[in-house]
Amino acid sequence: MVLPGYNDISTGFVTGKLICVQIVDNLGFYMSTEELFRKDGYLRECQAKVIASSDNAFCVDQTVFYPNGGGQPGDSGYVLVDGVRHAIVDCHFVDGQHRHILEEGVLPPDIGQEVILTLDWERRYRLMRMHSCMHMLCASVPAGVTGGSINEDRARLDFDMQDVLDKDELTRELNKRVDENHILSLHWITDAELENNPDLVRTMSVGPPKNSSGMVRLVQFGTADLQPCGGTHVNSSGEIGKVRVKKIEKKGKHNRRVIVVFDDAE
Ligand SMILES: [Zn+2]
C-alpha cells in the first residue's frame, strides 16, 4: 500500500495537507485554526492571534492546545495577554471551533489581539505517553475496539471479545512493545484510500478522525501498530515507560475492559 504525504516527525516537516478547521468570523469570512499539535506533538508554546471570543472562551488562528476528542481530554495551560497570564482550564472542539476555556470570571482577549499560548506540559506529556500506550495495547489484543478513554494517570480500552485475558501476561506484552522502542511516524491518506483499506480501522464504535481537507492521518509505531488517529503521541514507544494492567473487567458477554496505569502508580 502506498502512503502519500509521508511525514517523519523527527524532522518536524509535514508534506501532507495541514488539518485546518473553518470558522466564520464576524464579517462572514472563513477563518482557520491551524492545529500545530497534529504535526508536532512536542510544541509547548505558540504565538497566536485571537479570531473569535465569547463569554470565558476564545479561538485563535493557530494553537498547540489539543481539544477533547477521540477519548483524549482537552489540554490545559496558560494564555499571556498584554503581559498578564491567565489559566486555560480546558480546550473543547464545539461547532467546528477550538474553544480555549478560561477560568470562570476571566474575560477573554479581544478579537485581533496577539497572545502566547503555553501548555501544561507535564500533564500533556503524560497524556501523550498514556495515549501512545493505548496503541501498544491495541497491538497486544487481537480484537476490535469498542470504546476507550485516556487521562494522565490511567487509560482504558474496551475490546469486542469473549476470551479471557490474563492481566500479568498482558502487562508483559505491553512492556515488551514499550521496550522495543517502536518509532512514531505519521502518514496521510485520502478518505477514499482508507475506505479501500477498512482493516486499518480498529475502533468499531467511532469512525476514524476526518477533516475538511478529505485527508486522514495514520499513526504508525514501527512494526507494532498502524491506524488512523487524531491524538497526540510520543516519538517512540520507549518514552511511554513501564506500565501495568491494573484491571480487566468483563463488561457484558462480548466486552473486555482493560485498564492500564503507569507502573509507579498505586
Ligand atoms: Zn493515537
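The legends below describe close-up views of strand pairing and helix packing in a predicted model.

**View 1. Open sheet of strands β12, β13 and β14.** The three strands are arranged in the order β12-β13-β14, and their pairing is antiparallel. β12 (184-190) and β14 (225-228) are the edge strands; each has a single partner strand, so one side of each has no neighbour in the sheet. From one strand to the next, the twist averages 20°.

**View 2. Pairing of β13 with β14.** Strand β13 covers residues 215-221 and is joined to β14 by four bridges. The two strands run antiparallel. Within this pair, L218 is found opposite P228 of β14.

**View 3. Helix α1 across β13 and β14.** The helix spans residues 121-140 and lies across both strands. Its direction makes an angle of about 110° with β14.

**View 4. Hairpin of β3 and β4.** Strand β3 (residues 45-54) pairs with strand β4 (residues 57-60) through four bridges, in the antiparallel sense. V50 has V60 in β4 as its bridge partner. Two residues lie between the strands of this hairpin. One turn residue, D55, has a positive phi of about 45°.

**View 5. Pairing of β4 with β8.** β4 also pairs with strand β8, which comprises residues 97-102. Two bridges connect β4 and β8, and the pairing is antiparallel. The bridge partner of A57 is I101 in β8.

Terms used. Residues numbered from 1 in each chain as written. Predicted model: local features only at pLDDT ≥ 70, side-chain atom pairs only at ≥ 80, totals over all residues. Pairing = 2+ DSSP bridges. Axes fitted to C-alpha atoms, helices over the stretch in contact; angles between N-to-C directions. Contact = placed C-beta atoms within 7 Å.
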